2 protein chains.
Amino acid sequence: VVVDVLRATSTIVEALANGARSVFPVATMEDALRLAQNLGRESVVLCGERGCLPIPGFDLGNSPAEFTAERIGERQLVMTTTNGTGALLAAGSAAETLVGSFLNLGAVAAALAETERDVVLVAAGREKRFALEDALLAGALVREVEALGRRPALNDSALAARLLAAGNAGRLEQRLRLTAAGRQLIETGHEADLRLCADVDRHRVVPTFRERKVTL
Amino acid sequence: VVVDVLRATSTIVEALANGARSVFPVATMEDALRLAQNLGRESVVLCGERGCLPIPGFDLGNSPAEFTAERIGERQLVMTTTNGTGALLAAGSAAETLVGSFLNLGAVAAALAETERDVVLVAAGREKRFALEDALLAGALVREVEALGRRPALNDSALAARLLAAGNAGRLEQRLRLTAAGRQLIETGHEADLRLCADVDRHRVVPTFRERKVTL
């Protein structure tokens, strides 16, 4: 399960729940432009960010609220972001790769509670460093899986995440505001994204990443 | 501040508080034997562990309770452990390097509250991975520094550690038992060490690492 709460995986969940056909995560802006050309530029929505800001020449940024049914319904999206798309590509060799966010917490937890596989929660983090918001989601996933009656063995990271998430209820948005990514979003004028990314169980979808693209 | 709660930095604090003259951390068993030879084998206490177990031919293991005044008073110690001594050596290039544990939590926090320098809490971890017990101490240090009236800017790791440590009071030993390192100590017959390593403010000392050795 790849998680990049602020904001890539939240945006992917929102986009697919709102009717996007698929999301192709790519590493660089050049890769994005090349793939859009190959798929047919006019049939593709190019989206993503660098330093929280939209990329010149792209159709959309990385604010989930931009991904309305009108703009992205039935479309193929090509997305590149600072942390999340790279984490997805890195995790793509797993037997199964899911996309997690607070928006689809319950749906992903239900999928995890049913698997007999080992589960790795891949926190995208922030430029190779720890990001608190991703740990809060990882811990919330552990807690939800346990609430469904499973008792997975936890390594120390999962144990810590689980302890951290105990305090999420009722103050998730406030916690997101304290993180480095949250502060950067506020500084760059994306404060509204924090509320949307903290909207637990907004959608009942489980996106999976397979053969270069994320679909439901 | 280097922290390896289970057990290297707890043992170093206990040893120095009980009268050891100095502790030389070294990376390998070979380095330990060579340094002991150079310092004069009979004047040195060789100590440490691999896989939680004492090293054949060494005088002591890595249980803090072994480091009584009778055994190590006024002696020079040469120590090698799986994680902690390596972390100390890696942090040795800092302007000032302190040794932290729950045993000397308040004393280290008081030193940190007085400095104007940036502070890095180096969690030794466990074979290059995250260890919960070290995060619990890092967070306890942040909280104590704040209790002394300082409001340091915190990165996401420090913020997470601070949230984690909020639940330490009254259940620290129980938390240590849940960690991977704690479970391994119990399995290898070192259960008593957990209580000692959770003995907050047992000593009022601030060991510093300088010129290859740790002293008070």
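**Note on the contact between chain B and chain A**

1. In this predicted model, the contact takes 16 residues from chain B and 16 residues from chain A; contact means heavy atoms within 4.5 Å. Local features need pLDDT of at least 70 and side-chain atom pairs count only at pLDDT 80 or more, while totals for chains, interfaces and linings use all residues; side-chain values use heavy atoms, with hydrogens and water left out. Residues are numbered from 1 along each chain as its sequence is written, and chains are lettered from A in the order in which they are written.

2. The size of an interface is often given as the accessible area lost when the parts come together. Here the buried area between chain B and chain A is about 1300 Å² (accessible area, 1.4 Å probe, that two parts lose on being put together, summed over both). Carbon and sulfur atoms give 65% of that area. On the side of chain B, the residues that lose the most area to chain A are B:F130, B:D156 and B:L163, together 39% of what that side buries.

3. Which helices of chain B each supply at least two residues of the side that touches chain A? They are α6 (132-147), α7 (156-165), α8 (172-178) and α9 (180-187), where helices are DSSP runs of H or I with at least four residues, numbered from the N terminus. α7(B) gives the most, with six residues. By class, this side of chain B has ten nonpolar, two polar and four charged residues; Ala, Val, Leu, Ile, Met, Phe, Trp, Tyr, Cys and Pro count as nonpolar, Asp, Glu, Lys and Arg as charged, and the others, Gly among them, as polar.

4. Chain B can be laid on chain A with an RMSD of 0.0 Å by a turn of 180° and a shift of 0.0 Å along the axis (least squares on C-alpha atoms of residues with pLDDT of at least 70 in both copies). That is the relation of a two-fold axis. In chain B, the C-alpha nearest the axis belongs to B:L164, 2.9 Å from it. Of the interface residues of chain B, 100% are also interface residues in chain A, so the copies meet through the same surface.

5. Is A:N83 buried or exposed? A:N83 is buried, with a relative accessible area of 16%; buried means under 20%, exposed over 50%, and partly exposed in between (1.4 Å probe, protein chains only). Leaving aside neighbours within four places in sequence, A:N83 is in contact with A:D4, A:A124, A:G125, A:R126 and A:E127.
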